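Dear colleague,

I am passing on the structure below, together with notes on one of its pockets and on its aromatic rings. Please read the notes with the model open beside them.

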Amino acid sequence: MADSLRDQLLKSGIVKQVREEKRPSAPSSGRAPAFKKGSKGPKARAASSDELDLAKAYAIRARTEASERKQAEREAAEQARLKRERKQKIQQLLQGKALNKADAEHVRHFEYGGKIRRVHVDPAQLAALNAGELGIVQQAGRYVLVERAIAEQVRDIDAHLLALLVEPGAGGIGDDGVPDDLMW
């Protein structure tokens, strides 16, 4: 059982013993074989092979990262294009339809974007806004008072730009239990 695989193959007769005289012998000086100038030894060949594999791995990784970056840039550009188109549609929709009045004496407060905002309205607009007949849309940093149909169209295009649209028949009491027409 202690015989090596080579010995076992030789005993079975499958492999005939190769004479060692046919093989080139190493110099008997006890040192490693000398190589010609400019040639690489076995360790150098192994190291260069490892370096090639590592270089290939880095190249593959760099290509993958570059393609992922390009894909992310394309997606960001597409999102920006869609956002510009939505903004342009809303701007065209709101053009000439704003109901804001410069001489409005009442202020209607509402929550938008986690903050309390306000819009100036007259008493008739305040009643219509609280009844759900009017809505408020955020456009270019301003809050525009518009009719309900236009506010719903804005919601269809880009819902987060609709600042306030009271549902009709809500009873005039907001989500927090405070009447919508309360002046504060």
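**Second largest pocket**

Lys83, Arg86, Lys87, Ile90, Gln91, Gln138, Gln139, Ala140, Asp158, His160 and Leu161 line the second largest pocket (a pocket is an open set of points on a 1 Å grid over the protein atoms alone, where a 1.4 Å probe fits, with protein on both sides within 12 Å along at least five of seven lines; lining residues have an atom within 4 Å of a point). Two or more of these lining residues come from each of α2 (42-94) and β3 (134-139), and α2 gives the most, with five residues.

This is a predicted model, in which local features need pLDDT of at least 70 and side-chain atom pairs count only at pLDDT 80 or more, while totals for chains, interfaces and linings use all residues. Residues are numbered from 1 along each chain as its sequence is written, and side-chain values use heavy atoms, with hydrogens and water left out.

**Aromatic rings**

Two aromatic pairs were found in the whole structure (ring centres within 6.5 Å; planes under 30 degrees apart are stacked, over 60 edge-to-face, the rest tilted). Phe110 and Tyr143 are edge-to-face, at 5.4 Å centre to centre and 80° between the planes, and this pair links strand β1 (residues 106-112) with strand β4 (residues 142-147), its members being 33 residues apart. Both Phe110 and Tyr143 are buried (under 20% relative accessible area, with a 1.4 Å probe and protein chains only). Ring pairs link Phe110, Tyr112 and Tyr143 into a cluster.

Best regards

Conventions. Helix = DSSP H or I, 4+ residues; strand = E, 2+ residues; numbered from the N terminus. Phe/Tyr/Trp six-rings, centres within 6.5 Å; stacked < 30°, edge-to-face > 60°. Buried < 20%, exposed > 50% of the residue type's maximum accessible area, 1.4 Å probe, protein only.
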